[in-house]
Amino acid sequence: IWVVSIFCVILIAAVILVATLDWNKAKPYITAGVTKATGRQFSINGDLEVDLGWNSRITGSQIQFENASWSKHPEMAEVGFFDVQIDVWQLLTKFRLVVPTVTVSKPKVILEKRADGSVNWEFRAASAVTPAPEKRTEFPVIQKLTIKDGAFLFDNQQTKARLELALNQVEATGFLQEPVKLTAQGTYQKQPMSLSLEGGSYDNLRSSEEPYPLKIDLT
């Protein structure tokens, strides 16, 4: 009884300690790790907060990832705000990564290819390209995804092609046994665009034995 009681007290104390921890103090370690792994400066300029529970929640703001040194754009990727929930119960009991909600506000991604063939998505610190998995079992279940005010730019200096995509609103839903659906509205090359996508379930996506059905309506 004493051993169990002491263990419970230690466990409760650890939970309280983690729950009240100032996660902003962890930002230097996170940013240093990503910077070292990629060779590009990674910054979290806003607050980083973690709310632990069976549905744990991670939020952060003002994320920046440095572009290649030769680019005229200082940042390759930026995120104004993100909010991610993780179902800890599913992770612990079924070893399944289930994400109830993902909300991303003002993401901006710039992909560039120079005339000499070099691209900004190759990082000097990366030792090798990770091959695609033979089995599609590692895909997380994202039940609801929302993206607001996103921007994507692809600039190919070899072909002089410049593609611009602005997403005003993107909403996607999907469950383990139900179809994945996505809708998006925005502009493509400064022209109005709407996108409707419907695919199979996450179970179907995880299966390596059959094709994944996908229906896309783009206007």
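Trainee: Is W54 buried or exposed?

Mentor: W54 is exposed, at a relative accessible area of 55%. Keep in mind that this is a predicted model.

Trainee: How many aromatic pairs does a search of the whole structure find?

Mentor: Three aromatic pairs turn up when the whole structure is searched. One of them is W54 with W89: the ring centres are 5.2 Å apart and the planes stand at 90 degrees, so the pair is edge-to-face.

Trainee: Where do W54 and W89 lie?

Mentor: W54 is in the loop between β2 (48-51) and β3 (55-66), while W89 belongs to helix α3 (residues 88-94). Those parts are 35 residues apart in sequence, so the pair ties them together.

Trainee: And what does W89 count as in terms of accessibility?

Mentor: W89 counts as partly exposed, with 49% relative accessibility.

Trainee: What about W121 and F154, how is that aromatic pair arranged?

Mentor: W121 and F154 make a tilted pair, with 6.5 Å from centre to centre and 40 degrees between the planes. This pair also links distant parts of the chain: W121 sits in the loop between β7 and β8 (141-142), and F154 in strand β9 (residues 144-156), 33 residues apart. W121 is partly exposed, at 37% relative accessibility.

Trainee: Changing topic to E112. Which strand is E112 in?

Mentor: E112 is in strand β7, which covers residues 108-113.

Trainee: Which side chain of opposite charge is nearest to E112, and how far away?

Mentor: That is K72, at 6.7 Å. The cut-off for a salt bridge is 4 Å between a Lys or Arg side-chain nitrogen and a carboxyl oxygen. E112 has no salt bridge, although E112 is buried.

Trainee: Which side chains make polar contacts with the E112 side chain, then?

Mentor: There is one to the side chain of S71 at 2.5 Å, and another to the side chain of N67 at 3.0 Å.

Trainee: What else is E112 in contact with, leaving aside neighbours within four places in sequence?

Mentor: The contacts include W70, H73, V119 and D155. W121 is among them too, and that is the residue from the tilted aromatic pair with F154.

Trainee: On to the strands. How do β10 and β11 pair?

Mentor: Strand β10 (residues 161-173) and strand β11 (residues 180-188) are antiparallel, with eight bridges. A hairpin of six residues connects β10 to β11. For a specific bridge, take L165, whose partner in β11 is Y188.

Trainee: How many bridges join β11 to β12?

Mentor: Nine, again in an antiparallel arrangement, with β12 running over residues 191-199. K181 has E198 in β12 as its bridge partner.

Trainee: How many residues are between β11 and β12 in that hairpin?

Mentor: Two residues separate them, and Q189 in the turn has a positive phi of about 50 degrees. K190, in the loop between β11 and β12, has a phi near 65 degrees, which is positive in a residue other than glycine. K190 is exposed, with 68% relative accessible area.

Trainee: Last one. What is phi for K106, and where is K106 found?

Mentor: Phi of K106 is positive, about 55 degrees, and K106 is not a glycine. K106 is in the loop between β6 (102-105) and β7. K106 is exposed as well, at a relative accessible area of 54%.

Technical notes. Residues are numbered from 1 along each chain as its sequence is written. This is a predicted model: local features need pLDDT of at least 70, side-chain atom pairs count only at pLDDT 80 or more; totals for chains, interfaces and linings use all residues. Side-chain values use heavy atoms; hydrogens and water are left out. Helices (H or I, at least four residues) and strands (E, at least two) are DSSP runs, numbered from the N terminus. Buried means under 20% relative accessible area, exposed over 50%, partly exposed in between (1.4 Å probe, protein chains only). Lys and Arg count as positive and Asp and Glu as negative; His and the chain ends are not counted. A polar contact is a pair of N or O atoms within 3.5 Å; within protein, one must be able to donate a hydrogen and the other to accept it, and residues adjacent in sequence count only if both atoms are side-chain atoms. Contact means heavy atoms within 4.5 Å. Rings of Phe, Tyr and Trp (its six-membered ring) pair if their centres lie within 6.5 Å; planes under 30 degrees apart count as stacked, over 60 as edge-to-face and the rest as tilted. Two strands pair if DSSP finds at least two bridges between them.
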